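Hello,

I am passing on the structure we talked about, with some notes on what turned up in it.

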Amino acid sequence: MIIGLLIERKRDGGALSPEEWSAVIAEYTANQVPDYQMSALLMAVFMRGLERQELAALTDAMLASGDRLSFDGWATPRIDKHSTGGVGDKVSLVLAPLVAACGVAVPMMSGRGLGHTGGTLDKLEAIPGFRTNLSLAEAKAQVQKMGCALIGQTTEIVPADRKLYALRDVTATIESIPLIAASIMSKKLAEGLTGLVLDVKRGSGAFLPELDRGLELAKTMIALGEDRGCPTVALLTAMDRPLGRACGNVLETEEAILTLRGEGPADLLEVTYALGIEMLLAAGVERNTKKARKKLETAIDSGLAAEKFEQIIEAQGGNPQTVEDPSVLPQAQAVEVYSAPRTGVVQRVEPRTIGRAIIALGGGRRTVDDVIDPTVGFVITVKPADKVLEGEPIASVFAKDADGIQAGFAALDQAIVIGDKLAEKPLPLVSHRVTRAGVEALR
Ligand code: URA
């Protein structure tokens, strides 16, 4: 295989055969194709797209780059959810233990921060000692013992996505339907699932802001899943403002714990319940939406969901005390309150500006080898359509020093737009449900 010729063909609008995709991914995983050539190929895919059979071949090659979790003969339904990426999107940290507490196994494989969006692995690793790099055998044993393991791609499980994901993060090759679909579905198909629920974000903070592109991504991933025997459903949810109040790794982990304890923000709970309902229905443990929601609410109110998170944290080497007392998490050196610069109505809280500011504060990566500071970020207590008074506290900045606080304030000046009256209605939190049968507008 001469990789330069394949890059050239893709660059010029041609297609690679399934055998070529298989060879490229196998050699890249074995470190026989350097990052600079893979970056060029990714950019060519970004610009030119992939034909249907190329996408199938890429996904299968990524899946085949490692081993899979296999639960043969184990009757417990296994359902996961995956988000296409957002700011303040800590749903996975709440949903995985919550659904596991309802009797459904959740073998969840997540990613790190990607572009301006946060990643579940970085949020989990904010918990002192928490290991996301479990071996396949450890992950399987934990799922069978307590119904959930929260892991990342390793050298054993989808190693191709582990490398490609990190490379795309720093080479401006994220916002591509085939690259996102192959990345997400190769991970999910390696988990030995009986069903999958996708959270496809739309709005200005999503990788694909427009509704039609979000729907296309949802349909693409559903087809990949269903064609490979994994029943798949997607919800389209709002990412035109951050989800919840906390943005930044430690802050989001804290908010997820509060949510598991019944003290979470309403928007985060609504999205979590909508996805959780789909997971319980897909598992067949409940037959209708109302009963499924009740089951989820009971798991939170009874403390079972929080207890499940505690068990998972302990099993994966983290400090289980975190659930009872989130202040054991590392804390930012500098914290300051940000006040509304004028009286009016909040028009926008721009997620991209917030996500990029977290990276600038040290909470995300600029290069593959960057080590992140999990403590930095924002807590933003206003949403679009809220009325505010000049001088009213509306956010806090968490940084490592006074310069970080200043940079955080400047980002909030840009991100939180206050006007005289609301110019544009915020997107509905959960707007569409997509299955192989079609698209249902929910409101
Ligand atoms: N999540 C993933 O796992 N991969 C992507 O490319 C985007 C979101």
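This is a predicted model: local features need pLDDT of at least 70, side-chain atom pairs count only at pLDDT 80 or more; totals for chains, interfaces and linings use all residues.

Helix 11 (249–260) and helix 16 (351–363) each supply at least two residues of the lining. Helix 16 has the largest share, with four residues. As for where this cavity sits, domain 2 (79–326 + 429–437) and domain 3 (331–419) both give residues to its lining, so it lies between them.

A search of the whole structure gives five cavities of 30 Å³ or more. The largest cavity has a volume of about 300 Å³. Its lining is made up of 27 residues, and those nearest its centre are H82, S83, T84, G85 and Y165. Several elements each supply at least two residues here: strand 1 (79–83), helix 5 (91–101), strand 2 (106–110), helix 6 (120–124), helix 8 and helix 9. Helix 9 gives the most, with four residues. By class, the lining of the largest cavity has seven nonpolar, 14 polar and six charged residues.

Now for the open spaces. The largest pocket has a volume of about 490 Å³. It is lined by 19 residues, of which R112, Q153, R162, K163 and A166 are the closest to its centre. Which helix gives the largest share of this lining? That is helix 8, with six residues. The lining of the largest pocket divides into six nonpolar, six polar and seven charged residues.

The second largest pocket contains about 340 Å³ of space. Of the 20 residues in its lining, L50, E51, R52, L55 and T220 are the closest to its centre. Helix 3, helix 4 (52–63), helix 9 (177–189) and helix 10 (211–227) each supply at least two lining residues, and helix 10 gives the most, with six. The classes here come to nine nonpolar, three polar and eight charged. Domain 1 (3–49) and domain 2 (79–326 + 429–437) both contribute to the lining of the second largest pocket, so this pocket lies between them.

**A helix pair**

One more thing to look at while you have the model open is how helix 3 meets helix 8. The axes of helix 3 (residues 35–48) and helix 8 (residues 159–169) come within 11 Å and cross at roughly 75 degrees. Angles of 65 to 115 degrees count as roughly perpendicular, so helix 3 is roughly perpendicular to helix 8. On the helix 3 side, the contact is made by D35, M38, S39 and L42, and on the helix 8 side by L164, L167 and R168. By class, the contact residues are four nonpolar, one polar and two charged.

Note on methods
Residues are numbered from 1 along each chain as its sequence is written. Side-chain values use heavy atoms; hydrogens and water are left out. Axes are lines fitted to C-alpha atoms, for helices over the stretch in contact, and angles run from 0 to 180 degrees between N-to-C directions. Angles under 35 degrees count as roughly parallel, over 145 as roughly antiparallel, 65 to 115 as roughly perpendicular and the rest as oblique. Contact means heavy atoms within 4.5 Å. Ala, Val, Leu, Ile, Met, Phe, Trp, Tyr, Cys and Pro count as nonpolar, Asp, Glu, Lys and Arg as charged, and the others, Gly among them, as polar. On a 1 Å grid over the protein atoms alone, a cavity is a set of points where a 1.4 Å probe fits but cannot get out, and a pocket is an open set with protein on both sides within 12 Å along at least five of seven lines; lining residues have an atom within 4 Å of a point. Grid points are joined across faces, edges and corners, and a volume is the space filled by probe spheres set on the points. Domain bounds come from an automatic or database domain assignment.
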